[in-house]
Amino acid sequence: MAAPCPPPPPDPQFVLRGTQSPVHALHFWEGAQAQGHPVLFSGSQSGLVHVWSLQTRRAVATLDGHGGQCVTWLQMLPQGHQLLSQGRDLKLCLWDLAEGRNAVVDSVRLESVGFCRSSILAGGQPRWMLAVPGKGGDEVQILEMPSKTSVCALKPKADAKLGMPMCLRLWQADCNPRPLLLAGYEDGSVALWDVSEQKVCSHIACHEEPVMDLDFDSQKARGISGSAGKALAVWSLDGQQALQVRGTHELTNPGIAEITIRPDRKILATAGWDHRIRVFHWRTMQPLAVLAFHSAAVQCVAFAADGLLAAGSKDQRISLWSLYPRA
């Protein structure tokens, strides 16, 4: 008997239209839940941030703070109603969204116009840390916020030849209060920085092409990176803060724009230049689904806390998927 065919991938639960521009950034805000529905932010090539109600499936507000330049990164601060947006206008805006407001209350001038998204490290404290691409092409600037005080600049040694930082992830181990930074570089490598010591703890070659994005599971001390090439790299961090490549997963087509691990650390999703969203089991890296809905490159993926997956594309659409619901 022939083996049964796997079921076809599902259709999106629904699709958001109306950005009228390619979508480059997505972020769920759980704090604004209206009757159990999180809010979704999208950042577009035209410089606008749309605020979507997932209940009405319509944009309820539009934020215009980047002078028509592409919005590349969105992040809510964990406390309060403040949103960060990064644009290709060399500006990072801080928005106050409390009580229906949508005003820019502060901004940070960026030194680099590259593709590198910023990263924050924020607990429940009023002060938080921000990593942004720095000057000189190969530098990462660390700021204490909201004072915008410079903590340090992380610059590789001259002979390292890592190229530009392409993606950043600030984090802290549960057992150690020292802030750490994972950075993916243009030469295809990933480095772990000790921010306090301003030194590279470990550095591994993961890809032959620039690292486009990475995500890190601090509970399992395990991360994943994707590049302009055809392979995903899985790597781990041991107790001595040494990175080690654990394996690679070959893709059908090259180019990963973003990787995100679901908050429950069960599955992960990738945004592909080949118009596909790919879903994997995080522990085993078993492929679970290839979602072929978009008609152009998928630029960004984001998970809500309840497991809902959003994907934004150059085709100006945002698809929402309910896959492998959380137990």
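**Notebook: pocket, sheet and core**

I began with the largest pocket, which holds about 1,400 Å³ of space. The model I am reading is a predicted one.

I looked up what lines this pocket and found 48 residues. His27, Gln75, Arg169, Asp215 and Thr260 lie nearest its centre. I then asked which strand gives the most to the lining. Strand S2 does, with 8 residues; S2 covers 23-34. Among the other strands that each supply at least two lining residues are S6, S14, S18 (211-217) and S22 (256-261).

The bridge partner of glutamine 75 is leucine 84, in S7. S6 and S7 (residues 82-87) are antiparallel and pair over 5 bridges. I followed the sheet onward: its 4 strands run in the order S6-S7-S8-S9, the sheet is open, and the pairing is antiparallel. S6 (71-76) and S9 (103-109) are the edge strands, each pairing on one side only. From one strand to the next the twist averages 20°.

Next I turned to the largest nonpolar core, which has 17 residues. Ile142, Leu154, Leu170, Leu181 and Val195 have the most contacts inside it. Six strands are listed as each supplying at least two of its residues: S11 (128-133), S12 (140-145), S13 (149-154), S14 (165-172), S15 (179-185) and S16 (189-194). S15 gives the largest share, 3 residues.

Last, I checked what leucine 181 touches, leaving aside neighbours within four places in sequence. Its contacts include Leu154, Leu170 and Val195. Arg169 is also in contact with leucine 181, and Arg169 is one of the residues nearest the centre of the largest pocket.

Note on methods:
Residues are numbered from 1 along each chain as its sequence is written. This is a predicted model: local features need pLDDT of at least 70, side-chain atom pairs count only at pLDDT 80 or more; totals for chains, interfaces and linings use all residues. Side-chain values use heavy atoms; hydrogens and water are left out. Two strands pair if DSSP finds at least two bridges between them. Axes are lines fitted to C-alpha atoms, for helices over the stretch in contact, and angles run from 0 to 180 degrees between N-to-C directions. A nonpolar core is a set of buried Ala, Val, Leu, Ile, Met, Phe, Trp, Tyr and Cys residues joined through side-chain atoms within 4.5 Å. Buried means under 20% relative accessible area, exposed over 50%, partly exposed in between (1.4 Å probe, protein chains only). Contact means heavy atoms within 4.5 Å. On a 1 Å grid over the protein atoms alone, a cavity is a set of points where a 1.4 Å probe fits but cannot get out, and a pocket is an open set with protein on both sides within 12 Å along at least five of seven lines; lining residues have an atom within 4 Å of a point. Grid points are joined across faces, edges and corners, and a volume is the space filled by probe spheres set on the points.
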